[in-house]
Amino acid sequence: MSIEQLNKQARGSQHAVKKAKSKMVRERLDAEDLQWKPVQMPSFAGMDGGGGMMMLEELDGVDVTWEEDLAGRKIARFVSAGEPSRKGKEKEHEASQGSEQAVAAPVESDQSKKSKKRARKSTKEDEADGALPSFAALDTTELDDMDEAFEEHTPSFDDALMPAWRDIDLNAALKRGLLGLGFNNPTEIQKRSLPLALSGRDIVGVAETGSGKTLAYSLPILSHLLNTPKSSETPRPLTALILCPTRELALQVVQHLFEITKLAAPTTSGPPRISVGSVVGGLSAQKQKRIVERGCDILVATPGRLWDLIQADNSLGAGVVGLKYLVIDEADRMIENGHFAELENIVRLIERGSKYVGEDDADPVFQNLAHQDPPRDDLQTFIFSATLSKDLQHNLKKRHRAVPKKSGKRPSALEDLVERLDFRDPEPFVVDLSPEGGVVASLRESMIECLTSEKDLYLYYFLLRYPGRTLVFVGSIDGIRRLTPLFEMLQMPVYPLHSQLQQKQRLKNLDRFKSSSNGTLIATDVAARGLDIPHVDHVVHFNLPRTADAYIHRSGRTARAQNPGFALQLCAPEEKGMQRALMRSLDREHEVPEMPIESGFLPKLKERVTLARDIEKAQHEVKKETHDRNWLQEAADDLGVDIDPELLSEQDDPDLPFHRMKKSKATHKGSKRDVGSLKAELKHLLSQPLIARGVSARYPTSGSKVIVDDLIKSTGHTMMLGAKTTKAHDEDLVTRKKSSLNKRKR
Ligand SMILES: Nc1ncnc2c1ncn2[C@@H]1O[C@H](COP(=O)(O)OP(=O)(O)OP(=O)(O)O)[C@@H](O)[C@H]1O
């Protein structure tokens with residue numbers, strides 16, 4: 001062979017290699033053959049807070065492209081992006097050796113790799129759409145390694161570091177986690193309930209808001225999971241189900257669990273030692289379905305979405321039947337939420353005996369489960385709330401829990417549910433620490449009596465006068481829709497929260513509120529229960545709640561974990577009767593004291609509020625007018641008729657809706673000003689200082705109220721000249737005699 005021929009051959013080979021490489025770039029790869037690496041997760045031990053576990057693995061040198069199948073569906077495919085995969089390497093090798101060379105034998109041949117492959121195969125489809133590889137991909141040796149690593153990582157705990165926890169027999173890792181969180185002492189409900197829960201008892205815990213009930217029921221579950229070697233079952237069997245009334249509360253419970261597990265059982269590599277999944281309405285059902293299919297140790301759920309998933313996936317129902325722990329958090333609220341049917345169904349799944357799986361049971365879920373293993377005898381049930389009626393607690397204690405039917409009185413939905421709960425414990429242990437008067441001792445309560453039409457003004461006054469994080473409870477979604485733009489116009493940082501907002505928006509607003517030290521969350525009772533937002537300074541009851549329980553839960557969003565807090569009621573004359581009834585049912589002997597008002601500020605504030613309302617109204621009318629106009633045009637289009645342009649220019653028929661709107665807008669309060677000029681006027685008002693009566697801004701050393709000292713010492717209010725910087729909680733509240741209540745008029 002000549003040198004030229006050799007060179008040509010070499011060039012040919014290089015070309016073949018290049019061609020193979022370029023072909024490789026587009027080469028479709030099998031998810032099974034890729035070099036998956038576990039993702040290091042510094043901050044998460046098994047959950048993403050937004051709805052699931054994170055048992056992620058990652059890949060280098062692989063891209064995902066979308067291909068269309070015959071039906072026109074988009075399918076994700078893995079393709080090599082440069083670094084060759086094993087198959088790619090083989091092809092490269094083949095090309096460099098010449099086309100006649102045999103393909104190299106597969107590199108992986110040992111048994112453990114095969115079993116790993118088999119386990120991964122079951123999740124191949126999910127991998128293809130970019131979802132998470134299964135926990136079951138680990139074989140038993142790897143599980144043992146994980147347990148060993150965990151044991152090594154968590155030697156025994158020196159109780160001298162936290163003597164207050166000494167007598168509570170928790171896994172050492174959890175004690176370390178508690179130490180890390182700075183929870184050096186158990187709270188009262190934890191001290192009382194944990195030893196019993198850890199010894200296998202069923203618990204009904206009633207304790208004030210913010211008293212650490214979440215850990216009271218979570219620690220026994222976590223301790224059990226840490227004490228038990230990991231099972232190699234596929235998918236990971238469900239150990240505990242925590243049912244919560246609202247989505248936000250469920251996600252918050254996940255976050256609580258995450259905070260403790262990331263310290264107790266940090267995940268350095270591979271899947272988490274404890275995995276927590278969440279299924280709640282409003283977030284992607286598909287994603288949550290996959291989470292459930294993969295299995296997790298603890299599932300935190302709202303009943304509605306959970307039941308939907310159980311109906312769609314038989315194995316989830318079987319998982320629930322096999323539970324070791326069932327927790328019902330805020331059971332009373334769950335019933336109020338209209339989730340009774342779903343909750344009842346879930347509870348029926350865990351009931352012993354086969355009475356619910358009779359052949360005549362219409363629900364296919366129960367029929368499908370008829371031949372599954374029966375529920376566990378050692379199931380533990382925990383019910384926790386800040387408000388559970390004494391009657392109910394009493395009934396719970398009874399062996400058969402038959403609710404005594406008071407003459408002609410039907411049992412409440414909650415009593416009904418509790419009656420159905422199949423406690424394994426002959427006498428569930430009731431820990432009742434509900435405080436006197438219903439609310440926490442560190443909470444100060446107050447009220448402002450005013451007309452309904454003045455509530456906006458007094459709320460504005462309060463928010464300006466007492467900066468801080470404030471949660472305002474409003475009786476209706478419409479009320480929130482009115483207040484939010486009004487206060488936005490007044491340049492206040494307000495965020496709405498109600499059930500008609502999209503879930504993502506709800507979570508976003510909650511986050512914005514949490515991260516703003518002077519924000520205001522305007523919410524319905526969707527935010528009343530369980531939400532543990534750090535450092536809420538004030539709760540304002542813009543409309544009074546209808547029940548004492550709702551009052552306790554709403555007010556309990558402040559003054560949490562023994563911090564001070566303040567609750568204000570804005571009480572209109574027509575609410576007075578209701579307020580008295582509320583206070584009576586809380587066994588209050590004294591009237592709620594009144595909030596002192598620096599009335600000198602009110603006229604200026606009123607001007608602003610009135611103008612903002614006018615703008616709101618005018619904007620609303622313009623919107624409505626456009627809507628009416630569009631409606632008229634659309635109706636005409638549908639009928640195939642032309643509209644007289646004069647009609648649209650509002651000249652003629654005064655009965656046309658848009659005509660009326662225009663007219664009312666133009667003559668509104670006798671003013672012809674448009675929205676733009678109203679806004680300019682408000683902007684001007686907002687730029688003006690607010691000065692208390694008797695204060696001279698120009699001459700701080702004179703006037704009937706001298707403010708020079710405040711200016712020098714910076715003790716004066718920054719927005720309201722002449723007011724102090726006192727916190728609402730430290731104000732001298734005014735207690736009036738009972739008899740004067742009815743006579744008083746503002
Ligand atoms: N032992 C402890 N020491 C200090 N803080 C704790 C302890 N246990 C829990 N906490 C903290 O106290 C706060 C309130 O706890 P949690 O949300 O569990 O209260 P809760 O009793 O469930 O309230 P609610 O009835 O309003 O739902 C949380 O921020 C939690 O982290």
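What is the handedness of the crossing of α11 and α14? The crossing of α11 and α14 is left-handed, where left-handed means that the near helix is turned anticlockwise from the far one by less than a right angle, and right-handed that it is turned clockwise.

This is a predicted model, in which local features need pLDDT of at least 70 and side-chain atom pairs count only at pLDDT 80 or more, while totals for chains, interfaces and linings use all residues. Residues are numbered from 1 along each chain as its sequence is written. Helices (H or I, at least four residues) and strands (E, at least two) are DSSP runs, numbered from the N terminus.

**Helix pairs**

| Pair | Axes | Angle |
|---|---|---|
| α8 (residues 213-227) and α9 (residues 247-264) | 11 Å apart | about 55° |
| α12 (residues 314-321) and α14 (residues 340-350) | within 7 Å | roughly 65° |
| α11 (residues 303-312) and α14 | within 8 Å | roughly 55° |

At their angle, α11 and α14 are therefore oblique to each other; in this scheme angles under 35 degrees count as roughly parallel, over 145 as roughly antiparallel, 65 to 115 as roughly perpendicular and the rest as oblique. On the α11 side, Pro 303, Gly 304, Leu 306 and Trp 307 meet Glu 342, Leu 343, Asn 345 and Ile 346 of α14, contact being taken as C-beta atoms, placed from the backbone, that lie within 7 Å. By class, the contact of α11 with α14 has five nonpolar, two polar and one charged residues, where Ala, Val, Leu, Ile, Met, Phe, Trp, Tyr, Cys and Pro count as nonpolar, Asp, Glu, Lys and Arg as charged, and the others, Gly among them, as polar.

Helix α14 also meets α12, in a crossing that is right-handed. Here Gly 317, Val 320 and Val 321 of α12 make the contact with Ile 346, Leu 349 and Ile 350 of α14, and the residues involved divide into five nonpolar, one polar and no charged.

For the remaining pair in the table, α8 and α9 are therefore oblique to each other, and α8 passes α9 in a right-handed crossing. Thr 214, Leu 215, Ser 218 and Leu 222 of α8 make this contact with Val 253, His 256, Leu 257, Ile 260 and Thr 261 of α9, which by class gives five nonpolar, four polar and no charged residues.

**The seven-stranded sheet**

Seven strands form an open sheet with parallel pairing, in the order β8-β9-β7-β10-β11-β6-β12, two strands being paired if DSSP finds at least two bridges between them. Its edge strands, β8 (276-279) and β12 (429-433), each pair on one side only, and neighbouring strands are turned by 15° against each other on average, direction ignored. Between β8 and β9 (residues 298-301), which run parallel, there are four bridges, and the bridge partner of Gly 277 in β9 is Leu 299. Helix α7 (residues 188-198) packs on this sheet, where it touches β6 (203-207), β11 (380-385) and β12, and its direction makes about 180° with that of β6.

**The six-stranded sheet**

A further open sheet, of six strands with parallel pairing, has the order β13-β18-β17-β14-β16-β15. Because β13 (443-449) and β15 (494-497) stand at the edges with a single partner strand each, one side of each is left without a neighbour in the sheet. Neighbouring strands are here turned by 20° against each other on average, direction ignored. Strands β14 (residues 470-473) and β16 (residues 520-523) run parallel and are joined by four bridges, with Thr 520 in β16 as the bridge partner of Thr 470. Helix α18 (residues 455-465) packs on the sheet, touching β13, β14, β16, β17 (538-541) and β18 (565-571), with its direction at about 160° to that of β18. Helix α20 (residues 503-514) packs on the sheet as well, touching β15 and β16, and its direction makes about 145° with that of β15.

**Annotation**

According to UniProt, in an unreviewed entry, the short sequence motif "Q motif" covers residues 163-191; such positions are given in the numbering used here, feature names are shortened, and annotations may be inferred rather than shown by experiment. In the model, the end C-alpha atoms of residues 163-191 lie 13 Å apart, and the span is 48% helix and 0% strand.

Note on methods
Axes are lines fitted to C-alpha atoms, for helices over the stretch in contact, and angles run from 0 to 180 degrees between N-to-C directions. Two residues are in contact if their C-beta atoms, placed from the backbone, lie within 7 Å.
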